[in-house]
Amino acid sequence: MNILPFMKWRSIAALFSGLAMVVALASLFVQQLNWGLDFTGGTLVEVEYGDTADLNAIRSTLDSQGYAGAVVVSFGTDRDVLVRLPQGFSDEDGVTMVDVLRDASPTEIELRRIEFVGPQVGDELREQGGLAMLLALGLVMLYVGFRFQFKFAVGAVVALAHDVLFVLGFFSLAGIEFDLTVLAALLAVIGYSLNDTIVVADRIRENFRKLRRIAPIEVINVSLTETLGRTLVTSLTTLLVLLALALFGGEMIHGFALALLVGVAVGTYSSIYVSATTLLAMGVSKEDVAIPIKEGVESDELQP
Amino acid sequence: MLNRYPIWKNLFIVAVVAFGFYYAAPNLYTPDPALQIGGASGSQAITQASLERAGQALKSEGIDFFGEELQEGGKTALLRLRDREQQLRAQAIVARELGDDFIVALNLAPTTPDWLADGGAQPMKLGLDLSGGVHFKLEVDVDAATQRRIEMYEAGIKRGLREERIRGMVALDGTQVVLRFRDEASREAARRVVYDLYPELLLDRVDEESSWLLFAQLTEQTIAEVIDYAVSQNLTTIRNRVNELGVSEPLVQRQGSNRIVVELPGIQDTAEAKRILGKVANLEFRLVAQTNAPVTDKQKFEYRDESRAGMTEWLERDVIISGERVSGANASFDQNGQPAVLINLDSEGGMLMSRATRNNIKRRMGVLFIERKYRTRYQRDEQGVEAAIRVPYDEKKLLTAPVIQSALGAQFQITGLDSPAEASELALMLRAGALAAPINFVEERTVGPSLGAENIALGVKSVQIGLGLVVLFMVLYYRVFGVAAVVALSVNLVLLVALMSLLGATLTLPGIAGIVLTVGMAVDANVLIFARIREELANRISPQMAIHAGFERAVATILDANITTLIVAIILYAVGTGPIKGFAVTLSLGILTSMFTAILGTRALINFIYGGRRVDSLSIGRLPKPVDGLIVDRQAVEGESA
């Protein structure tokens with residue numbers, strides 16, 4: 001088998017990643033995230049009508065009954081209706097609103113769910129979420145630094161940050177709601193991407209120790225070539241189940257599945273290009289991964 | 001011999017798998033919709049007769065039921081129904097038949113057969129997003145609680161200075177008490193008084209022009225205590241009230257420093273639930289009536305305590321003070337070391353109490369506990385449809401009636417209690433009845449039963465489809481090795497379900513997503529191993545050696561990759577709440593079980609298929625060509641595998 005010259009295209013990949021990061025950051029800055037109810041606070045009501053729901057009629061009913069700012073959309077099917085009230089309505093309003101809808105509707109209405117989140121909870125959650133992300137990155141860096149070497153830890157963390165930012169940017173650009181399950185998915189992406197990065201790093205370390213008379217860039221190319229099969233198979237199986245989840249898991253889990261789909265795809269890419277490129281840029285060499293020589297008996301044998 | 005597991009290792013794996021199947025099995029039995037009947041008060045037992053009455057009522061309405069039984073020695077009873085659709089109607093019928101002495105709750109009764117239940121095997125609990133129900137998050141108003149405490153200090157300090165005849169001004173300023181004196185001597189005297197009264201306060205002296213100031217502040221520790229006190233008080237009250245709601249498995253849990261989470265599976269009527277949770281209990285202090293008092297001036301009350309059930313006491317109609325005057329009640333010990341309850345009143349309460357008790361020493365004073373309860377009446381409207389109407393009433397019962405030993409003030413003790421346990425129970429009830437720190441609903445989620453059922457169906461479907469796709473791919477790509485991996489993957493799912501059932505973990509929708517994700521990621525370990533074996537084979541190493549080396553070399557990589565993922569899952573668990581915690585639990589357990597099945601399980605299978613005999617080729621799919629033109633350091637390779 002020929003060595004695939006992965007690193008030949010690393011400047012193109014770096015350009016792509018850089019561009020993606022700039023776009024993601026810009027979008028997060030300008031458009032921000034479409035925070036879900038968990039983070040913004042407010043009230044959300046999902047009801048199922050007996051027949052196709054007339055959204056316009058529902059909107060005018062709610063307007064006339066004093067639910068200003070209510071957002072009415074259909075959810076999944078045309079019989080399912082989602083109403084979102086902004087912050088400022090009390091915890092009682094969701095329940096009374098269902099009664100209002102019930103009185104105004106010609107058909108039966110079934111309550112599917114009501115969610116009310118107070119403003120203080122949302123703020124806290126955002127803070128905790130960010131903290132969790134940083135904590136995860138920090139601990140991972142520590143572990144990889146301890147098990148491998150500092151340069152590998154930097155490579156892993158850069159790749160992880162890249163993936164997280166990419167998914168965040170995707171959600172921001174597409175304007176998809178970012179709720180608690182998406183946050184969980186994002187942390188799972190960290191876990192998954194890390195998995196990939198470590199498998200590659202493991203092989204790079206092994207090859208640095210094993211191969212003779214070869215430039216670092218070639219060692220990385222060999223390692224990536226050797227692990228490519230495994231990388232693709234694992235990503236494929238994971239993407240398969242995620243696809244099943246996204247298509248058949250229902251609306252409530254859709255954002256979660258989507259975040260993971262994007263995350264796993266970009267995580268696969270980043271384990272090849274981002275972490276390996278970072279390693280090269282930091283000048284990784286054989287010495288970085290040498291098995292530490294024990295003092296005493298063995299060092300004698302090394303005398304020329 | 002190469003690729004043979006010692007017999008104990010095979011037995012160990014078989015044992016673990018058997019264990020997994022045993023503890024996962026209860027999840028196969030769908031639970032019956034059921035009604036759980038309990039007494040409205042602890043002393044109210046359920047007899048076979050009342051259970052039969054309930055059954056008769058159901059029969060006459062044409063609702064099928066079976067398996068009715070008394071549980072916990074008659075404390076509760078269970079009635080299983082055939083049809084889930086009829087559950088709500090059945091509840092109404094039985095509630096009506098048995099009246100307000102009993103609480104009828106919706107329940108899902110497990111149908112775990114005895115041979116499983118005897119070993120402690122139980123089905124997984126379902127989260128609210130799967131079972132339907134209400135989730136509340138309540139926040140205790142900590143500021144209000146702190147404010148009330150500082151007001152109590154202010155009153156106490158004023159009284160102390162008055163008693164010691166120290167002249168000065170006492171005022172409240174935010175969360176501190178400011179004392180202002182004309183001379184330094186008064187301030188010093190006052191400082192000693194305050195310190196003697198409340199050693200927990202932080203005292204700070206400040207000199208201003210012609211006035212000497214003393215600031216009394218709450219320490220961090222005291223504030224933490226106040227919050228803790230307010231939250232645990234609310235926790236107790238809410239626990240008591242949730243039982244009235246007729247929920248079979250409610251959850252009332254403290255979260256963080258000042259939040260309380262309440263989960264009520266099966267409840268749909270949030271308004272009713274909130275009314276009951278948010279209602280305030282109260283206290284009344286009244287003198288015990290003298291025997292010759294006319295009947296118009298006195299009332300008879302029962303004791304609340306079960307051990308004194310049936311005993312009554314006549315109290316005067318006049319109320320000395322009620323609960324809002326009580327600022328605290330704590331279990332403590334009197335000067336003889338006997339258990340006692342220390343009660344603090346606010347200044348107004350102290351005045352009223354002292355006025356009432358001064359001339360009534362050696363008489364007894366009763367403490368009433370007042371709870372809002374509901375009676376159900378049934379009425380027909382114009383259309384002749386019968387509707388249940390809940391009529392509120394106050395239930396007043398006697399907590400205790402001790403003898404007044406001396407004139408009482410803002411702080412007094414109830415002594416003569418039998419045990420420290422009785423003292424803390426009494427203090428708890430007094431606190432529950434005293435005006436509790438206000439609570440706010442900061443989060444509320446209601447999931448309808450149809451959505452819950454749909455979530456389960458969708459979740460199961462995605463697990464099936466996801467698993468199906470992975471199975472197909474693995475078998476096509478890795479042939480015999482793929483089959484081994486698929487078997488291991490299935491056992492992995494069984495073990496995961498078994499562990500979750502055994503640990504009493506709650507299955508939520510994100511939890512199901514975690515299972516799906518585990519399916520996708522669990523094969524990774526096998527993929528790593530198989531890729532290694534293929535590489536070894538490509539390097540013209542004998543099949544047996546290749547299997548051996550493939551497993552050995554991949555293990556370190558698998559460990560590193562999984563431990564880091566585990567770190568992330570643990571962070572997720574620590575930070576997340578509710579459903580997210582569920583996801584973190586499934587993810588972490590999935591990582592652990594998948595390492596076991598992928599490394600040990602697959603190895604055992606492969607050993608069974610290929611081990612200990614001459615093998616010419618392995619059915620593991622297409623081999624990669626070795627990478628050309630590399631010079632390999634043999635020493636380094638051997639050094640590593642050693």
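This is a predicted model: local features need pLDDT of at least 70, side-chain atom pairs count only at pLDDT 80 or more; totals for chains, interfaces and linings use all residues.
Which residue just after H6(A) takes a positive phi?

Residues are numbered from 1 along each chain as its sequence is written, while chains are lettered from A and ligands numbered from 1 in the order in which they are written.

**Stop 1: helix H6 of chain A**

Select residues 150–174 of chain A, which form H6(A). Helices (H or I, at least four residues) and strands (E, at least two) are DSSP runs, numbered from the N terminus. At 1.5 Å a residue, the 25 residues of H6(A) should span 36 Å, and the end C-alpha atoms are 36 Å apart, which agrees. The expected span is 1.5 Å times one less than the number of residues. Of the 25 residues, 18 are buried, so H6(A) is largely enclosed by the rest of the structure. Buried means 20 or more other C-beta atoms within 10 Å of the residue's own; exposed means 12 or fewer; partly exposed lies in between, with C-beta atoms placed from the backbone. Now step just past the helix: Gly175(A) has a positive phi of about 70°.

**Stop 2: H1 against H6**

Axes are lines fitted to C-alpha atoms, for helices over the stretch in contact, and angles run from 0 to 180 degrees between N-to-C directions. Under 35 degrees counts as roughly parallel, over 145 as roughly antiparallel, 65 to 115 as roughly perpendicular, and the rest as oblique. Residues touching here include Ala20(A) and Ala24(A) of H1(A), and Phe166(A) and Gly169(A) of H6(A). In contact means C-beta atoms, placed from the backbone, within 7 Å. By class, this contact has nine nonpolar, five polar and no charged residues. Ala, Val, Leu, Ile, Met, Phe, Trp, Tyr, Cys and Pro count as nonpolar, Asp, Glu, Lys and Arg as charged, and the others, Gly among them, as polar.

**Stop 3: H7 and H8**

Select 180–210 and 216–248 of chain A. These helices, H7(A) and H8(A), pack at about 155°, axes 9 Å apart. That makes H7(A) roughly antiparallel to H8(A). Among the contact residues are Asp196(A) and Arg203(A) of H7(A), with Glu226(A) and Arg230(A) of H8(A). The classes are nine nonpolar, five polar and four charged.

**Stop 4: where the chains meet**

Show both chains. In all, 67 residues of chain B contact 65 residues of chain A. Elements of chain B that each supply at least two residues include strand S22 (439–447) and helix H12 (449–503). The side of chain B that touches chain A has 40 nonpolar, 14 polar and 13 charged residues.

**Stop 5**

Pick Thr400(B), in strand S20 (residues 386–400). With 23 C-beta neighbours inside 10 Å, Thr400(B) counts as buried. Thr400(B) touches Val367(B), Ile414(B) and Leu426(B), leaving out residues up to four places away in sequence.

Next, Lys362(B), in the loop between H10 (347–358) and S19 (365–380). Its phi is near 80°, positive in a residue other than glycine. Lys362(B) is exposed, with 8 other C-beta atoms within 10 Å.

Finish at Arg540(B), in the loop between H13 and H14. Its phi is near 60°, again positive in a residue other than glycine.

Note on methods
Two residues are in contact if their C-beta atoms, placed from the backbone, lie within 7 Å.
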